[in-house]
Every structure is written in structure tokens, then in C-alpha cells.
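Visitor: Could you walk me through this structure? Please begin with the aromatic rings.

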Amino acid sequence: QHYFTVLFGHEGQKPLELRCEDEVDGDEWVEAIHQASYSDILIEREVLMQKYIHLVQIVETEKIAANQLRHQLEDQDTEIERLKSEIIALNKTKERMRPYQGNQEDEDPDIKKIKKVQSFMRGWLCRRKWKTIVQDYICSPHAESMRKRNQIVFNMVEAESEYVHQLYVLVNCFLRPLRMAASSKKPPISHDDVSSIFLNSETIMFLHEIFHQGLKARIANWPTLILADLFDILLPMLNIYQEFVRNHQYSLQVLANCKQNRDFDKLLKQYEANPACEGRMLETFLTYPMFQIPRYIITLHELLAHTPHEHVERKSLEFAKSKLEELSRVMHDEVSDTENIRKNLAIERTIVEGCDILLDTSQTFIRQGSLIQVPSVERGKLSKVRLGSLSLKKEGERQCFLFTKHFLICTRSSGGKLHLLKTGGVLSLIECTLVEETDAS
């Protein structure tokens, strides 16, 4: 008789106790219940929702393109009607001139030769004038600016292609294999850790595949390059970058913890040995999305530097640049806050007694270092120093940490561990006064 118990997360539901006559049958039931996990269904639903959002974006883009094509067709119909009316007018003029042309047939042959030479000279002068105009434009600052602008766009397409390839390697060489390994009988990593390490990397890959396809479609229509509508599609989806950046340090910590498992470390080295990785580690691929938003900002700065003020896309490009800069500032602040919290916690762990004030997220680290605490002299006698637990007879070295709200004073034991002073080890700066005595005596 083989028993197994099913526990429910919500209160009021008693555990379900079941048994099977056969051990193999019981293992199959347990595995089937694992596969029917509601959390897996939620993950699949989230993936499907992201794909649905991308498809909706594509449909909206196609609608906009269809409207533009419809307007172009209407303009072309109007142009065709105008050309038809001009042709009719020209035909009428030609009919009126026919009698006069008939009289010209009786002209002197020498006159015909002179007219032919004149016609040749007019054509030669026209071609020469047109060649001069074209050469002047090629050498003009405007043409040079347009060449640089086109080169920036071509470099952007190449960089985007390389970035999409990096995301493809991250997803197909690491994320999906690790997700499958987490579902194995003896998983080297859990699904929660996989989600924490990679977060929405797959969604970022889908987004940039769409963006890259749009760029290639624009290049196919060169020399007409319209890019602003592509950034209009990209901007609403950039909040996923905020989540990725906010989670980046945590994902690296989770990965470092997982590497302590020998099975996981061995499996990860097999994945990193894939020729597609080109010798790069997983941490390198996880860092690539951190630099993509600044790269777009630099590209837009260069584009606007070579885009005329009356250009049809200038306002749209300036709007995209302002939005990306705003997002970059928010991401930088969040990374700075995360780094500050990690620094505070690292200092807190080095102090044997611990320090609760470092758990305040608004406490910002400024600097640390060694200072010499000197005995204070009052009326020729050695007075008791308030910072020490006992009166200080001689100078003593202290390890000090300065924060925006507090000042920590520690002593270092022979073993290298830090201990807060029992009295005056934690000073609140709002209650302190800094006095600088200019009198040398």
C-alpha cells in the first residue's frame, strides 16, 4: 500500500490522503498532479498574453500602414486625373498647330540643318547645366548630412540584428533548456529560480524581433527612410525594461546561489560550451539588455544632429528621445537605490552585533575609512571621552562609516571582525554638532 497526500494552499481545505496498490501507479499519479500545477498554467497564460499584446501591436501597425496606402492611392488618382486633363489640353494645342507645321515641311533644307544643330546645342547645354547642379548638391553640406544620417540608420540596423541574435542565444541556449531541466525528475534548478534569473527575457526578444523586421522593411524602401512610427510602437512596451533592470542584481544573486549546486554548475557549463555562445558566460548575456536603452538614446542624438529642422520626422524623433531619456533616468535611479541597499547590507553583515539603522532604505552610504580617536584635554587634565566606554588614555584606531543620517564607529578585533562601540557607536547626525577649532593651542 503506497500513500500520498495532496495539500491545498487556502484555509479550510483539509488535506487529501490517497493510496494506490502499486508503487508505479502511485508515482504516475504524483507526476501527473505535478504537471497539472496551476502555477505552470499561469506562466503559460502570461506568455500567451504577451504574444497576444504583440499581435495586437502588429495589427495596429498594419492598420496605420493600410490607411497610409489608401491616402497614397487617393493622391495618385488625383494626380492621374490632372495628367489626363493636361494630355487633353496638349492634344488640342497640337491640333491647332498642325497647319503651321504643314507649312514648315516646305522649309529650306539649310534652315532644317540649322534648327537641328540648335536643338543639339540646347540639349548639350541642358545636360551640362544639370550635371553642374547635381555635382554642386553632392558637394553641399545638406547632402553630406544626409549621407551621415543614412550611415547612422544602416549601423542601427546592424546593431539591432546583433542584439536580436544575442537575445536569441540567451533564450534558446539558456532559458528554454533550463526551463525544461526544471521540469525533470531530479531538477537542478526550480521554476521560480529560472523566472527570477531570466524574468521577461523572452518577451524582450519577441519585441525586438518585431522592431528589427520593421527596420529591415524600412531599409527595403531606401532612399525613403521613415523611422518615427517604429519608435511609436517600441515606446509603450519599454516598461518591461524597467522590470528587467530592477530585477538585474537580484537575478545575478540567484544565479550565483544556484551555481553552488554542482549539478546546475555542470549543466550551465555545458550550455556555455555551445558554439553559439562564442565563449561568453550567461552573466554576459543577462547584461546586454542593460545597455540597449542608452544605445537608442545615442543613436537618436546622432540622427537628430543630421536631421533638418523642417524634416517631417524631427518632432517624432525628439519625442522618442525625450521618452527614452526619462526612462533611462528612472532606471538609473532604481539601479542606484538597489546598489545602495546592497552596500548597506554588506556593511551590516560585517558588523558582528548587526545594525538595524542600516535596514532603512533611505539611508545612503557616503564613505568609510580609518580614523584615530584622540583623548580630549580639558584644563590640563585628561577628561573622559564620550565616544569610548572607558576614559581614553591613548590614541585608538576606529573603523568609521558615514551615512546620510548616521555615523558608525567600530573597533576591529584581532580576528578582523568589526564591533560597534558599546557607547556612542551609532551617532545620529541630526543630534551632532561639528566644531572646528582654529586656535592652534
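Guide: The count comes to four aromatic pairs. Rings of Phe, Tyr and Trp (its six-membered ring) pair if their centres lie within 6.5 Å; planes under 30 degrees apart count as stacked, over 60 as edge-to-face and the rest as tilted. Please note that this is a predicted model, in which local features need pLDDT of at least 70, side-chain atom pairs count only at pLDDT 80 or more, and totals for chains, interfaces and linings use all residues. Residues are numbered from 1 along each chain as its sequence is written, and side-chain values use heavy atoms, with hydrogens and water left out.

Visitor: OK, how are F211 and Y296 arranged?

Guide: F211 and Y296 are edge-to-face, with 5.8 Å from centre to centre and 70° between the planes. The pair links distant parts of the chain, 85 residues apart: F211 belongs to helix α6 (residues 201-220) and Y296 to helix α11 (residues 292-305). Helices (H or I, at least four residues) and strands (E, at least two) are DSSP runs, numbered from the N terminus.

Visitor: Are those two buried or exposed?

Guide: Both F211 and Y296 are buried. Buried means under 20% relative accessible area, exposed over 50%, and partly exposed in between (1.4 Å probe, protein chains only).

Visitor: And what about F365 and F403?

Guide: Their ring centres are 5.7 Å apart and their planes stand at 70°, so this pair is edge-to-face. F365 lies in strand β3 (residues 365-373) and F403 in strand β6 (residues 396-403), so the pair ties together parts that are 38 residues apart in sequence. F365 is partly exposed, at 22% relative accessible area, whereas F403 is buried, at 1%.

Visitor: Which rings form a cluster?

Guide: Ring pairs link F174, F285 and Y288 into a cluster.

Visitor: What does F174 do in the largest nonpolar core?

Guide: That core has 60 residues, and F174 and F198 touch the most other members. Helix α4 (residues 141-182) supplies the largest share, 15 residues. A nonpolar core is a set of buried Ala, Val, Leu, Ile, Met, Phe, Trp, Tyr and Cys residues joined through side-chain atoms within 4.5 Å. Apart from this core lies another, of 10 residues, among them I351, C410, L418 and L420.

Visitor: New topic: how many disulfides are there?

Guide: The search of the whole structure finds zero disulfides, a disulfide being a pair of cysteine sulfur atoms within 2.5 Å. C277 is in no disulfide, and the nearest cysteine sulfur, that of C173, is 4.7 Å away. C277 is buried, at 0% relative accessibility.

Visitor: And how many salt bridges?

Guide: There are nine in the whole structure. A salt bridge is a side-chain nitrogen of Lys or Arg within 4 Å of a carboxyl oxygen of Asp or Glu.

Visitor: How far apart are the partners E283 and K259?

Guide: The N to O distance in the salt bridge of E283 and K259 is 2.7 Å. E283 is partly exposed, at 23% relative accessible area, and K259 counts as partly exposed, at 23%.

Visitor: What separates E325 and K321?

Guide: Their salt bridge spans 3.6 Å, N to O. E325 and K321 are four residues apart in helix α12 (residues 314-350), so about one helical turn separates them. E325 is partly exposed, at 22%, and K321 is buried, at 16%.
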